[in-house]
Structure formats: structure tokens, C-alpha cells
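Here are my notes on the model you sent over. Have the structure open while you read.

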Amino acid sequence: MSALGKVVRAGVGRRRVQTVVMVLTTMLAVTASIMAGGLVVASQAPFDHAFAKQRGAHLTGRFDGGKATSEQVAATAHLPAVTAAAGPFAVVTATPQFGEGGLVMMIGEAPLTIAGRAAAGGPVDAVTLTKGHWVTGPGQIVLTVPEDGPRMGEVGGTLSFPALPGRPSLTIVGYARSVSRTADAWVAPAEIAALTRPGAAPAYEMLYRFAHAGTGAGMARDKNALAAAVPPGALSGTLSYLTTKHAADRETATFVPFIVAFGVLGLAMSVLIIGIVVSGAVSAGTRRIGVLKSLGLTPGQVGRAYVGQALIPASAGTVLGVVLGNIASVPLLAQASDAYGAAPLTVAWWLDLAVPAGVLALVVASALAPALRAARLRTVQALATGRTPQVGRGRLAARAASRLPLSRALTLGLAGPFARPARSATIWAAVAFGAVGVTFAFGLGSSLSAIQDGVNRHNPGQVSVSTFAPPPVDAGSGAGTDAGPPPPPEPVSADTAAVARTIAAQPGTAGSFGTVEQQATFAGIPGAVRVTAYQGDSSWGGLQMVSGHWLDGSRQIVVGRRFLEATGKHVGDSVTLEGDGRSVAVRVVGEALTVDDDGMHVAADTGSFTALGRTLRPDTYEVHLAPGTDRAGYLQDLNTALKPLGVEGRAQDNRISSTIIAMDTMIAMLTVMLVAVAGLGVLNTVVLDTRERVHDLGVMKALGMAPRQTVAMVVTSVAGIGAVAGLIGVPLGMALHGYVIPAMGSAAGTRIPPADLHVYHPLPVLLLALSGLVIAVAGALLPATWSARTPTATSLRTE
Amino acid sequence: MSSTTSVIDIREVRKSYDDGPAALDGLSLTVRAGEALAVLGPSGSGKSTLLNLIAGLDKPTEGSVTVDGVRVDGLGETGSARFRRERIGMVFQFFNLLDDLTVTDNVLLPSQLVGAGRAQARARAAELLEYLGIARHARAYPGRLSGGERQRVAVARALMNRPALLLADEPTGALDTASGAEVRALLTELNSDGQTILLVTHDLALAAACASRTIELVDGRIVRDTGSGGRAPDLQSGTAGGSAAGSAAGGSSAVAR
């Protein structure tokens, strides 16, 4: 081995702690960069990537099985504009019940679109299985991963269709995701017959990719060509990928601001920490560089030696970081793909090359600059420099600190950072980044939780009572024969006044009100808007307000942001509600947090519709229970009382959306990562500092400084910096939160209520301000303990 | 000056590092209060090891070390630290002053570590600086002082808590001749005031001037012990005692204790 090689090997081997710290630092920095970079890259048009990967359908065509044959539908695959096609697949719509072990629960009024499909793959819409397996025979069903809310049941559970003859029951064998959203569930083709009402013909679904599908106009031409290729009226419905893409992109857009914020924080932190660790390690070797020069090494050789010395542990850390980053990204990207409704996301391959290359380049640059600077020093100067701080620095602070009424160990520690201001600044920056991350994460989590609470207020009751009884089993089939919704089974409407009286009379009821959904038109807005009409005192269960107030009288409406933008109105203005040839002016009394219907959802009182000649009867009652009421017992008693009316109440638990869960998971992981990197930065700097001051520490211990005093002194030397960094980092984190949350709200089509933004109350802020102190102390504790344990005689012998 | 009370009582001490030969091999030594013991010997003879064991900086492999009535070899890290700051004063060859603290702050350090009263400690420091003739440098930083002055500051720091034992490790090893003579005189003066001193040195002149007793170590064993009242051969200056410290300090010798 050459002399230079021996120098490098000795430099790495003899400074084991520093080597380990450098390995850990680069590992964490690379891990952080890959996680952050992976998320940022995955957030760039995830729908487009997933769509390309699954060879998504530009258009999903639904054909009436009674008007076109399977062969006629299949022939559309050969139209000139079609570049690829899959199908025809027989499809039915049916309303399921999920049941297991005798417990049967309605999962919602929406029927499922079920396609008969033998395989998940194919030339178009290659569906991605996320759990279980594809259907292999009759009696099995694969469900789509729900965009929001819980799954219908675990793999192995059953799904029954009680409204269909024979009450078919299917076993859930898997979950899959179709980016094109071509179906809600898939069964074996032969299974479709069992799910089809006798005498009815199933519809056919055909999936197409076109040569020119970029615009709505192009899609319209393709659609017309399809319609012309089959018997008139046979093409009963289509779903353009542009519609799905719009919805997916909007969902993604809510994530992007916070992912980018965290990503930039993570990347900046990684660059900073690597710079701190590597340049610190090289600077600490100035005296050794002097020795090497005295032995005849040229400045160039010294530079190469120290770059090599830094590259060995950095390379090891980089390799580990790439592995760890990819592993840690799996759950993170899984959450992101759930949130985006996209196919499983993976770390972009080029990140696995670019991040290590960037990190190693940074290591070289960080090592080369101080190594060459030291190598250019005169040998005598290099020998004399490095071990101790430049004489004269920090004396004023030391004198001031000595006058503080604190123990000497603490005052010595407090004065320490002033002796090495540049190094102290790097600790400060690392801790400040950590404090910004923690503060931002706290605010983000709190705001998202508050927003979730606000969104949940669309169903505010602890108990809800539907005024429609389930249809009788023999009332009809849930199967449809065309692309539109199936003919709904006739519900049994109860006497709503009697339901309201029964609820009000029930002991434990604190309040209740009724709601009913209506389609309505407003002057100046094309098309119908969904309106939730409230009857009764809904003051306890109103939507979360951004501005104005909740409904407290007739002819009032509360709207979302997009409604105001679409009408050009403001809170306090009037708009005209139209219907059945009549119109009535209603006043916008408030703007609420709502993301339903692209922020176009409207809340009104039922009285507003009376002027249109509509008498609305609630279809649901929301019930608020008195404090201390046992909900299960209440429900049992209430259902006994409601039984004569044919309806029943059910418990309502506000669920947390998968988007919020995904965000919370990402927030937690990214925060832990940021804090770990910050702590490691502190640890490394304190290791360097205590190594350089080992002789001074030995002197103090020889004079009688006890181990606890040594620990206190070392920890205090960074605690002050940490405390200041925390104080600066908290307002920066708050500012970042104040920028990102409204940006996320804007992407989701709503403004964020001030209450959801103002989450930094005095106590949390106080605790967050201590986060810098905690990070600094946590990072310094280990090297402080090492210092205290270093034998005094050894310390005194150290040059 | 020595009394019958022993300040150092070392019995059958053996110290070895890893598998190497013993640095100290069955060494026994008693130093009485008021004695000034010079430990001589070539490099590697075990002088520094002996000093470290007495100061509680290291522990013997076998045997016992008792200083001022305290079994030092049985103390933990915290106990050793407390023992040092309360009973030991140390003077090093290279002074080991903290460069970023003023002379006064350096001297105050031991008393601050024991949590002594602020006013009392400052008065004691001022008294010592005056006694050692360096009061005019009280607010200066060590870097501006001569070697001899720095060593005086180190001595002042060592005496701050009125230690039962002053350990000096080559106290003149880094000084020029004139400064070395000053320090010799100072140590002699201190001993004449009753301060028990153990000094490790190669400097026969120092041993001759300061020590009331001299031992010589070779390979971890005492090969020569002059006993109380015995002085090392005066090879250079011929100064045996004298009042250089007094003349240099110009103050009351009682201050040291």
C-alpha cells in the first residue's frame, strides 16, 4: 500500500467515532434525500405516470346489451382512431351488503359497477392488485381500493347481494386499483349471469386508447366515432380519462405544497449536515495535516488524502442510505399512492443514482476546500492551529458568563459557543432546521385534524336516522342494463314528522335536525348544484365557517369558496335560487369549509325551497346526544321506539379520510427524519468539539470537575444555541405553515377557516420553542457522556 | 517541617497496562505532612503513573493508595473528582491554564467547582495572586504571560482550595533557567510554610532545592530513598532552600495555607 493509502486508512481507522458519525450522517442524509426526493418526484403528475404504467383507458364505453351484441361492441376496437382496446367485458350494477359472522351492515346506498374480467392485465387498463389475488373462478370478487374511507371488508370476507334473486354471496379475494376507474369490482366473466336480473341483458364495457386523446374536443370526436360504429343508442355512456385525471390532479395538488415544503427542508438539511460533518472533520485534522506536510506530503497529496478519508465512510453511508431510503419510502409512497388514488408508486430509478452522486460530490467539495486550505498553510502554522480555538475569541462572552449566578460548569458551557462562532453557527442552523420541521409538522398535523373535524361536520350527529326503510327483498333487482344507475329499488318512506317526534322524545337526545339533498339551480351558474337543506335547529351541527355565520333563519345559504368565485358574490350578497319556473332571493350568510362537489356544495334551510313550491321532507335526521348518554343503550331504545315507523337509527363514527391518514403518516416520518438528521449534526459537531478540547477537559477534570459537571458543561455549550435556534425556528415553521396550509386549501378548492389555521396556542408554542433545546441536548448528550468517561490521565496526555 | 501524620500512604501498589510490564511493581511509600518529596527517575520508570495514582487519575492493579485519609483507589469518577478538588492541588509541566479565561478566572476555577462563596473565593484568589507576585496580571490572559508567570498562576490555582497535598509534575520542565529558579524558590517557600509537596522531576537542581526527601524509581520500584531530611545531590545551582519565593512574592508566606 502506498504511503498515501496508509495515511487514508489510518485516518479512517483511528478516528472510529468520527468515521461512524460520518457513515450515519451520510446514511441519514441520503435516506432523507431519497425519501423526500422520491415523494416530490412521485407528486409530479402521479396520475399521468400511473396512467401510462397501467396503459389506462382514454375512454371507457358502456354499451346497452339489449341494443348491441358482444361482437358489434368488439368490432369497435378496429376503428381507425383506436390504438388499443380491451373488452368487451359484461358489466352489471348491484348494491351489496358486507357481512361476516351474521353481522350485516349496509355499506352505503351506492351500487357497485361490477365487470366480468378474467385477468387483471391486458392491452388497456392493466389493473394493479394491491392485496390478495385476481379472481380465479366463480364465487369470488376483487374490489377496487376505495378512494376514501375504509375498505368494504378484508380479503376473505364476503359480500352479498340480497336484492338479487338467490341472494348471491361472493368472497373478497383481493383489492385492486384501476387508475382509469373502469369498475368498482371485478368478477369472473361467468359470474355476471348470477348478478344479472332474470330477463335483463348485461351491459358491455369496452376500454379504448386513442391516438389523439389530449383534448376534450379530440375525445368528443372519438366518442362520436364509437357511437356511429354501433346501432343507434347502443353507446349508453362514456367515461373520459380527462374527467378522472382532473379529479386525481386536484387530489394530488392538495399534497404537493406540503410535500415540497418537507422535501426542500429535507434536502437542505442533508446538504447542510454533510457540509458540517465533512468540513468539520477535515478542519479538525489541521494539525495532522501539518504533521503530514512536515513528512513531505504536497498540498495536492494532502487534499487527496483527506478527500479519500471522507469518501470511504461517506460511500459506505451512501450505500446504506440508498437501501434504507428505498425501504423507508415503501410505506411512505404506499400512503401517497393511496392518497393520490394512483397505482403503487416507487422511488424513481434515477434518484438512486442522482442522490448518491450528488452526496458524494458534496462530500468531495466539503472535504477538499478545508483540506486544501490547511494544506496551503505553512507547516508550522498548521501544526500550531486546529486543536484549540483561536486565542481571543469568546473572551468577552466568557467573562460575562462567569458573572452569571450559575455553577461554573454551566457558565463555562454557555461561553463555549463564542470560542468557535463558525462551528456554533452550523449547530444553530442544524437545530433551527429541526425546529422548523417540528413546528411545521405540529401545525400541519393540528390543522389537518381540525380540517378533518370540519369536513366531518357534514355528518355531525353521533346517531343518524334515515327516514327511508330498506326496500323489501323482492322489490326488484339492483342490476342495471345500461351505463346509468340502475333503477333504484323503491324505498319505504316513513312519516318524517313522527320520526322527528320520536327522536325528540327519546331520553338522551340533546338535539336533532333533519337534512335532505336537493339539486337546485342558481342564477348565473350553469347546471344544477347540490344543496343540503336543513330542517330544525342545526346550530350545533353546522359546517365549519370560514367567514360569516351558519344558517339561523329562512332564505339563507352557506356556500363554499368555489361557489362564491363562480357567482362573483361575497358573504352578505343575495343570489337567486330558481326552480319549477319560480325564483327566490336567498342571502349568502357565510362561507364554509367544504370540498364537496369541487367546493360548489351549498347548505340552505328547507324553508328556502318553500317559495319554489317544494315541500322538503328530511331523509336523514342527525342526532346529538346529551353528555354522558350511553350511545349503544340509546340506540337500542331509539330503534325500539322507531320500529313501528319502519326505520332505524345507527351509530355514526366520523372517520378519518385516507388522505389525512396518509398526510399524518408522511408528516410523522418526515419529522422524525428531520429531527434525527439535526440531532446527528449536533452530535457530530460536539464530538469534534470535545475531541479538540479533550486536553482542556482533562485539565478541568484534574482540577476536580466531576463527570456530571463535565456532562453539564458540554451539554450547556450547545443548549444555549439550541434554545436560540428553537426560538428562531418556531416562527419560521409557523410562517411555513401559514403559507402551506392555505395553498393546500386553495388546491382543494376551499379557504381554510381561521380556527383551523390558528393552531399555535401559547402552550404548544412554548413547548415547540423548547424543541431546539431538546434536539441540541439530545444530540450532545452522548458525546458529553463520552467526554465525562474519558480517563483524566488519558485526556491530559492528549496533545 | 514534617509531622508524624502521613498524607500519602501507598502499600504494595502494582500497576500494569494491558499485558505490558508493570509500570509500578509492589511499590510502598509513606509521605508525612509537611514533607517535600521529589520523585526522580528516568523516562518510563513509573513517576507519572505514581503521580496519577496519588491524584486519583488512575487506579492501581493491586495495592492501596490512601491520601489525606482517603482510600483513593476505591473512589469512583465522581468521588475522585471531589477528592481532587478538595484535597489535591496540581501543577503541570505545561501549566495547563485555560487560555480563554483570565488569570483570576483560572485561579478561581477550583473554588467554583466546589461551589465556594463568590466573595470569599475572589478574596482568596486576590490574596494568592498578591502572594505570588502576579496580582498585576489578574485581568490578563495566560497567553500574555511569561512561562514563569504562567506557572505561578498554575500554582495559585493549585493552592486555591488549600489542598493537603500539592502535586507538581515537572514544574520547571518548560521554563527557562530564570523562571525555573523562581518556581524552585516558590515551592521551597510553600514547603517551608508547611505545604506537603510531591514533585516529579528530572531536574536534580529542583529536587535538591525543594525536596526534603528524594526517592528514585527504576522500572517501577524505589531504588533509592533518602528519607526525611535527605536531599538530592546538589548538582547544579547548589541552592538548597532559600527564600527566592519570598523575595519574588514579597508577601506573607502564611497566605499559601
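The points below go from the chain contact to one helix and then to the salt bridges.

1. Ground rules first. This is a predicted model, where local features need pLDDT of at least 70 and side-chain atom pairs count only at pLDDT 80 or more, while totals for chains, interfaces and linings use all residues. Residues are numbered from 1 along each chain as its sequence is written, chains are lettered from A and ligands numbered from 1 in the order in which they are written, and side-chain values use heavy atoms, with hydrogens and water left out.

2. Don't look for salt bridges between chain A and chain B: the rule finds zero. (A salt bridge is a side-chain nitrogen of Lys or Arg within 4 Å of a carboxyl oxygen of Asp or Glu.)

3. Helix H12 of chain A covers residues 408–419; helices here are DSSP runs (H or I, at least four residues), strands likewise (E, at least two), numbered from the N terminus. H12(A) spans 17 Å from first C-alpha to last, close to the expected 16 Å, which is 1.5 Å times one less than its number of residues. Its buried residues include A:Arg408, A:Leu412 and A:Ala415, where buried means under 20% relative accessible area, exposed over 50% and partly exposed in between (1.4 Å probe, protein chains only).

4. Over all chains, the search finds 21 salt bridges. One of them pairs A:Arg561 with A:Glu591 at 3.6 Å. A:Arg561 sits in helix H15 and A:Glu591 in strand E21 of chain A, so the pair ties together parts 30 residues apart in sequence. A:Arg561 is partly exposed at 24%, but A:Glu591 is buried at 1%.

5. In chain B, B:Glu182 and B:Arg152 form a salt bridge at 3.2 Å. B:Glu182 is in helix H6 and B:Arg152 in helix H5, so this pair also links parts 30 residues apart in sequence. B:Arg152 is buried at 4%, while B:Glu182 is partly exposed at 33%.

6. Finally, a salt-bridge network links A:Arg420, A:Arg423, A:Asp689, A:Glu692 and A:Arg693. Within it, A:Asp689 and A:Arg693 meet at 3.7 Å.
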